[in-house]
Amino acid sequence: MSEKISKNLQINFIITLGTGILGFVINKYFADYMGIDILGLMKLFTQMVAYLSLVDLGISSASSYALYKPLADKDISKINLIVSTIDSFYKKIASIIFVLGLLLSFSLCYFIDLESYGNKIYLYWILYVVNTSIGYLFAKYSILFTANQEYGFVRKVQGLGKLLFQCIQIICLVKIQSFIIFITIMILENVYSYYFYRRHYQKNYNYIKKIKDRDKNIIKDIRSLFWHKIGGLIVHNTDYIILSKFVSLSIVGIYSSYLMIYQIIITIVNIITPVITPKIGLFVVKNAKNDIYIYWRKLQVVYIFISTVCIICTYKLILPFVLLWLGNSFILPKVTVVLILINLFINLSKLITDSFKFSCGFFDDTHAPIIESFLNLIISLVLVQKYGLNGVIIGTVVSNILIILLLKPILVFKRCFDKNWSIYIKDLSKLILLTVMTFIVVEYTLKILGLNFENILSWSTMVYKSFLLGIISLIIAFMIFSIDKFFRNFIIEILKSRDL
């Protein structure tokens with residue numbers, strides 16, 4: 001592994017771990033000092049602003065793909081064209097989001113009992129909209145820096161700013177208990193990032209000039225990515241809205257706490273992806289499709305290996321963790337937890353495939369997100385009437401299995417690797433078999449050792465048993481996954497200190 005990638009991974013891991021821990025602290029204090037309903041309101045607003053972000057249209061992915069080659073070739077005229085296109089789009093997006101956000105305020109009464117919050121609810125929402133709009137004014141900088149192999153700098157600015165302002169939010173929650181100040185601090189975090197991005201850009205990218213022409217290829221890719229944005233939006237950002245409408249804001253607050261754990265696991269596993277994605281982009285440009293497939297297969301088995309260990313540990317530890325963290329009132333049935341973990345495994349397994357997909361410039365599979373969003377929304381709306389929270393999660397499970405786990409990777413195999421769908425099914429079956437074998441052996445080993453994870457009554461016991469479970473799971477998973485030749489080859493390359 002190169003020194004630069006290794007350093008970026010270390011930075012990403014430290015920042016991810018720090019922000020993740022502080023995120024749990026914020027959630028805990030928010031529930032304690034502001035109440036479960038306000039916690040649910042915060043999560044609901046987060047999903048609603050995601051709908052406003054639909055106007056982004058996938059510019060980030062299209063622009064990153066477009067920038068890899070001209071940055072590698074030092075084609076300044078092409079870089080000028082792409083950056084000017086990005087800048088123009090994002091300024092329009094910031095304005096559109098602000099206007100749409102103001103109009104959307106009239107729909108709040110359909111999701112929330114306004115009498116419980118008074119007119120302050122509109123101020124809360126407008127501040128969320130302002131925060132989202134500001135973020136788009138400097139989005140071009142992070143895209144440019146990351147595509148130019150400067151992910152480490154981007155992560156430092158984002159991560160250190162996040163850590164700083166999370167600490168300020170915690171202090172304000174404890175001392176002031178003001179939702180308005182909490183949101184205002186989010187806005188200040190964006191201003192902080194803009195300052196450092198802008199200074200770095202002026203110092204190191206003064207050769208980039210603003211021009212009037214626009215890149216038509218980016219516009220074409222954006223049209224395709226629009227449908228991916230819609231699909232992802234409906235799948236990942238309708239749960240809270242459906243639950244707030246058909247169940248309650250309290251359930252939103254409880255479910256969102258589990259999704260915090262879900263998201264921090266994805267974030268931790270995903271620390272390597274943004275670091276190596278620019279490298280994948282360069283590899284795709286310079287290598288044949290079969291070599292790209294081999295590269296994907298090597299990384300995919302590593303992601304499945306890590307995902308397997310994470311799922312085993314989460315399955316055993318999530319309920320006792322929530323009990324210690326938030327209390328008995330936040331405990332969900334075990335069947336609900338299993339459904340959440342199925343979605344978690346699928347979303348962990350897709351991370352590297354998505355990276356290859358976008359690095360190959362494959363954006364026009366517009367039918368896949370349409371089918372995915374349709375399945376998810378319809379099933380969730382039907383099942384929530386009878387099964388409540390479980391019905392909503394089942395809708396996501398079905399769409400994830402059919403589209404994320406099967407259809408999309410098959411399309412990637414055909415377009416990006418020039419491989420038949422049967423090869424993917426063979427690869428997937430082998431990797432899932434390794435995961436199942438690992439689960440069975442770990443479960444059997446824990447019974448032999450007499451390790452029980454249901455009677456964890458203190459944080460010290462949680463840490464001790466988590467450590468034991470992690471070591472046992474890692475050793476068993478390593479032994480079983482070593483059956484796969486791609487996994488063995490990856491380990492050999494790491495031991496020889498070769499680049500990823």
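This report looks at a few helices and loop residues in a predicted model.

## Helices α6 and α7

Helix α6 covers residues 139-147, and helix α7 covers residues 151-175. The two pack at an angle of about 145°. Their axes lie 7 Å apart.

Three residues of α6 take part in the contact: Ser142, Phe145 and Thr146. On the α7 side they meet Tyr151, Phe153, Val154 and Gln158. The residues of this contact divide into four nonpolar and three polar, with no charged ones.

## Asn131 in helix α5

Asn131 sits in helix α5, which spans residues 120-137. Its relative accessibility is 12%, so Asn131 counts as buried, because the cut-off for buried is under 20%.

Which residues does Asn131 touch, leaving aside those up to four places away in sequence? They are Met186, Ile187 and Asn190.

Helix α17 runs from residue 389 to 415 and has 27 residues. From its first C-alpha to its last it reaches 37 Å. That is close to the 39 Å expected at 1.5 Å a residue. The helix also has a kink of about 40°, centred on Asn400.

## Two loop residues with positive phi

Most residues other than glycine have a negative phi. Gln177 has a positive one, near 55°. Gln177 lies in the loop between α7 and α8. With a relative accessible area of 34%, Gln177 is partly exposed.

Asp418 also has a positive phi, near 60°. Its place is the loop between α17 and α18. Is Asp418 buried or exposed? At 59% relative accessibility, Asp418 is exposed, because the cut-off for exposed is over 50%.

Terms used: Residues are numbered from 1 along each chain as its sequence is written. This is a predicted model: local features need pLDDT of at least 70, side-chain atom pairs count only at pLDDT 80 or more; totals for chains, interfaces and linings use all residues. Side-chain values use heavy atoms; hydrogens and water are left out. Axes are lines fitted to C-alpha atoms, for helices over the stretch in contact, and angles run from 0 to 180 degrees between N-to-C directions. Helices (H or I, at least four residues) and strands (E, at least two) are DSSP runs, numbered from the N terminus. Contact means heavy atoms within 4.5 Å. Ala, Val, Leu, Ile, Met, Phe, Trp, Tyr, Cys and Pro count as nonpolar, Asp, Glu, Lys and Arg as charged, and the others, Gly among them, as polar. Buried means under 20% relative accessible area, exposed over 50%, partly exposed in between (1.4 Å probe, protein chains only). The expected span of a helix is 1.5 Å times one less than its number of residues. The bend at a residue is the angle between axes fitted to the seven residues ending there and the seven starting there.
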